[in-house]
Amino acid sequence: MSMSRKIRLSRRGVMAGTAAAVGALGLPAIGGAQAAAVKVGIIHPVTGFVAYNGQQGRLGATMAVEDVNKAGGIKAMGGARLEALLGDSQSKVEVGVSEVEKMNEAGVAAYIGCFQSPVGIAASQAAAKYNTPFLIDVGASDLLVTRGLKNVFRLKPGFGACVDQGIAALGALNEAAGKPAKTAAIVHESGEFGTGTAKLLAGKLPSVGIEAKELIAHDNPTRNFDNVALRIRSMAPDLVIMSNYQNEYVLLARTLHQQKVNLAGLFSVLGGGFNYKFVKELPDVAQYMMDTNHWFNPKSDKAQALKKRVEAGGALFTFEVYLAYSSVMLLADALERAGSADKAKLTAALESSTFNAELMPYGPTKFVNGQNQGGRAAIMQALKGDIEVIAPADVASAKAVFPKPKFG
Amino acid sequence: MLDPAIIFAGVLNGLLAGGIYVLVAVGLTLIYGVLHIINFAHGSLLMLAMYAVFFLWRLLGIDPYVALPIVIAGSFAFGYVLYRGLIGRLSHGRDENILLITLGLAIVFDNVALLLFTGDSQTIDVAYAGTIVQVGAAFLPLPKIISFLAAIALCGVLGVVMARSQLGKAIRAVARERQGARLVGIDVEHVFAIAYGIGIACLGAAACLLMPTFYVSPTSGHAFVLIAFTTVVLGGMGSFVGAAAGGLIIGITESLGGLLLGEQLGQIGISLIFILILLLRPTGLFGVGR
């Protein structure tokens, strides 16, 4: 008797067998694939007239994405990696908006950008159509967070808060020095950032006993500040307060120094060119200049470690780097708590965020209408080719020199 | 009402600013005014020359004024090769092709500079940058006085070369009647390339004279291009005296406009003068109609 077995292959059986085999062999792979990468749109002006700032922002953001992925991705999402989609706004509003649209097609979960306030305003408005969270890493205008858009979050303080902090510090300095400054001229770039900051400054300076004698607006780029220096000299204010982007900031400071305009102090709020490069390359020009700006917490080990990494790569540790880095970390934290890249859940997680911005001298994160209430700026002064923090007192590294010595 | 001393100082500041415009425009008046090449790469080539000055100073410690002959010679060679190798070859003698090629070159140069040097701006810190000459209420930086005098001298030299030398005659002949020049034995392509090279050499000089008081970034050349085109049209196409006069008029107008109307509205004066010149004297101040 022959032993024969008929093997019957039914369709259902094949399906079940395949499923079992895949279950045994392929499930981990399928599980890995399920933790799909979370796409993050990172938009900066890496070309155009503020390209340097944009490139610095991109550097910080991509380093953070790399760090999140190296640390195992978003654990609550099965180790999902962050995938950075890099966009260039070309320093133009319309290009920033088209990057948002393009990245929306690619399925981004959130955006980070845009350095320039006008680009950030338009780009975040475009992202609002899709209810996609938009994290402003750098962008000074308070319009960014006062339009009632639920998708916009800004970790850093806006120019309103920076102006308040800067004015208070300037008032305290002036008071302590016996009030040598009674008048100021404000020189600002003519865009949303410079004009907005200048108006706020002019309105608030009287509260510390300083009168804003004149507001001088200039275009970007400006070829020559000789006449501005001439007007300042004829006006003879005690202070010049600047609010401009990098190139014009440096050119104006250089012109005022070259023309030996005597002032009690040169002060800026969110001065675009006040950084290590300026202070080290033009130490005589920068000496005693003061700026209210975003600054890392010098007492944070993580900030110091990141500074070393950035400098080892040949770049400068400017505010764009650590603000973009912190914004990506804020997003990663929200993704962990949301456990999903779903836009509504992610927005809710951001709204209730208590993220610890370890690199910055901030208090606990708390968003009110998209603006973090825990953010604060620092007041710095260029002293002997270096940047020292002169306020707030808990992070200060040097005592301010005010008024500055006159030209001989 | 402003103090007359301040207005006088404003005029002097305007003259010095105009000197810079003359420097940038003088090369353009040769390329655009004489050869009728609309050189969209003018600003980008200025930027490259400024980087050359910057790196000569940074890497080899060569002062921008000492670098003048090196950068002028290098810029001439670069301009000559650029014309012979690319612009002349690809344009097939058609003006609209030249326009597109120079526009393309500008985009390439800007982005290569961005890639190699990043968008960061670079400055040169020389001891004499802070040296000031006081004239009344005006505090005039020495580097700007030097660049002003150099601009006037350069215009004079180029004017004489164009009027008196064999090369000048050849350039004028080629500009007037290309075919005729070829028939009398002039190597038209060579003369075009030399003229283009001289125009770029002028940018090299401008870069050396600008850097002690200005910065360089991949977009810094563009700040001067529109002004340079305006200067050339205002002064008269191909006229070196016109370029000098045009640059100085624009400098003074911009300066006084800025003082009286504010920095932003001050620019309106330039446009108004430009429109008036086009209405009343379309050939420009020193231009000759054909």
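This is a predicted model: local features need pLDDT of at least 70, side-chain atom pairs count only at pLDDT 80 or more; totals for chains, interfaces and linings use all residues.
1. A residue is termed buried if 20 or more other C-beta atoms lie within 10 Å of its own, exposed if 12 or fewer do, and partly exposed in between, with C-beta atoms placed from the backbone. A:L59 counts as buried because it has 22 C-beta neighbours inside 10 Å.

2. Residues are numbered from 1 along each chain as its sequence is written, and chains are lettered from A and ligands numbered from 1 in the order in which they are written.

3. On confidence, the complex receives from the predictor an ipTM of 0.79 and a pTM of 0.77. Chain B has a mean pLDDT (the predictor's confidence in each residue, from 0 to 100) of 89, and 99% of its residues reach 70 or more. Among the elements of chain B, the highest mean pLDDT, 96, belongs to helix α2 (residues 42–60), and the lowest, 85, to helix α11 (residues 266–280). Helices (H or I, at least four residues) and strands (E, at least two) are DSSP runs, numbered from the N terminus.

4. A:L59 sits in helix α2 (residues 51–70) of chain A. Leaving aside residues up to four places away in sequence, A:L59 touches A:A315 and A:V321; contact requires C-beta atoms, placed from the backbone, to lie within 7 Å. A:L59 and A:G139 are 80 residues apart in sequence, and their C-alpha atoms are 17 Å apart in space.

5. Chain A is divided into domain 1 (38–157 + 298–372) and domain 2 (160–293 + 378–395), with bounds from an automatic or database domain assignment. The C-alpha centres of these two domains of chain A lie 28 Å apart. In the contact between them, 16 residues of domain 1 of chain A meet 20 residues of domain 2 of chain A. On the domain 1 side, α2 and α4 (117–128) of chain A are the elements that give two or more residues.

6. The contact between the chains takes 30 residues from chain A and 30 residues from chain B. On the chain B side, α1 (4–34), β3 (138–141), α9 (222–235) and α10 (240–261) of chain B each supply at least two residues. Of the elements on that side, α1(B) gives the most, with 5 residues.

Notes
Two residues are in contact if their C-beta atoms, placed from the backbone, lie within 7 Å.
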